[in-house]
Amino acid sequence: FTFSSRFAALHAQGKLQELWKLVRLSSWAILIASAAILTGAWLFMGPILDYARVSTYFGGIVIIMMIGQMAFSMAALYAVVLSMCHQEKFLLRIQSWMAVLSIVSLILACSLLSLDSAAWVLVAGYGALAVLLYAKVARTIGRNSEESGVPLEEGGRSALVFERVQKLKAS
């Protein structure tokens, strides 16, 4: 959420190419920071679990859950961008479907499989959500601005909407 105000400003100005670049940069920042934290946790898992007085058996589950947190962070980034692009209906639909699928999958995994398997189901749910939201972001702001070769702020649909909003504000 660090760049939320910047995302909003770029979208409001119709500068979708810049917004797309910032989204990709943010994605890489999340992945790199998360990977660094995950690596540190993995390297020092023994002392961390000892300090928390938790069995070392749960070290693998902690790592799995941290991978799930990485996927969740990515999904959250894309959800913020999509909400600023007025894609609330899509977000509500996809998040509702993914929640239902995840709950059913978790119930089955907890009933029939191991705790590790249930943790991986969580990772898969967040990962799938992140991929689906990324694809929508790419269709909404990414590919449109890159394929045309013309910045959308200079003549695309978003620019027309931006101009109409500005006219309404002025009147």
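## An aromatic cluster

Trp20, Tyr78 and Tyr134 are linked into a cluster by ring pairs. Here, rings of Phe, Tyr and Trp (its six-membered ring) pair if their centres lie within 6.5 Å; planes under 30 degrees apart count as stacked, over 60 as edge-to-face and the rest as tilted. This is a predicted model, in which local features need pLDDT of at least 70 and side-chain atom pairs count only at pLDDT 80 or more, while totals for chains, interfaces and linings use all residues. Residues are numbered from 1 along each chain as its sequence is written, and side-chain values use heavy atoms, with hydrogens and water left out.

The structure holds three aromatic pairs. In one of them, the ring centres of Trp20 and Tyr134 are 5.8 Å apart and the planes stand at 40°, so this pair is tilted. The pair links distant parts of the chain, with Trp20 in helix α2 (residues 16-43) and Tyr134 in helix α6 (residues 115-148), 114 residues apart. Helices (H or I, at least four residues) and strands (E, at least two) are DSSP runs, numbered from the N terminus. Trp20 is buried, at a relative accessible area of 5%, whereas Tyr134 counts as partly exposed at 32%. For these words, buried means under 20% relative accessible area, exposed over 50%, and partly exposed in between (1.4 Å probe, protein chains only).

Tyr134 also pairs with Tyr78, this time edge-to-face, with 5.4 Å from centre to centre and 65° between the planes. Again distant parts of the chain are linked: Tyr78 is in helix α4 (residues 59-84) and Tyr134 in helix α6, 56 residues apart. Tyr78 is buried, with a relative accessible area of 4%.

## The overall fold

Stepping back, the chain has seven helices and zero strands. Of its 171 residues, 36% count as buried. Contact means heavy atoms within 4.5 Å. Among contacts in the chain with a separation of 6 or more, 73% come from residues 24 or more positions apart.

## Two nonpolar cores

A nonpolar core is a set of buried Ala, Val, Leu, Ile, Met, Phe, Trp, Tyr and Cys residues joined through side-chain atoms within 4.5 Å. The largest one has 27 residues, of which Phe7, Leu19, Val23, Leu133, Val137 and Ile141 touch the most other members. The elements giving two or more residues to this core are α1 (4-12), α2, α4, α5 (88-112) and α6, and α4 gives the most, with eight residues. Leaving out residues up to four places away in sequence, Ile141 touches Leu16, Leu19, Trp20, Val23, Val81 and Cys85.

Leu49 has its place in helix α3 (residues 45-52) and is buried, with a relative accessible area of 5%. Not counting residues up to four places away in sequence, Leu49 touches Val54, Ser55, Thr56, Phe58, Gly59 and Val62. From C-alpha to C-alpha, Leu49 and Val62 are 9.5 Å apart in space, and they are 13 residues apart in sequence.

## Where α4 meets α5

Helices α4 and α5 pack at an angle of about 145°, with their axes 8 Å apart. Axes are lines fitted to C-alpha atoms, for helices over the stretch in contact, and angles run from 0 to 180 degrees between N-to-C directions. On the α4 side, Ala79, Leu82 and Ser83 meet Glu88, Phe90, Leu91 and Gln95 of α5.

Thr140 lies in helix α6 and is buried, with a relative accessible area of 18%. Apart from its neighbours within four places in sequence, Thr140 is in contact with Leu16, Leu82, Cys85 and Gln87.

Most residues other than glycine have a negative phi. Arg53, although not a glycine, has a positive phi of about 60°. Arg53 is found in the loop between α3 and α4 and counts as exposed at 80% relative accessibility. His86 also has a positive phi, near 60°. His86 lies in the loop between α4 and α5 and, at 59% relative accessibility, counts as exposed.
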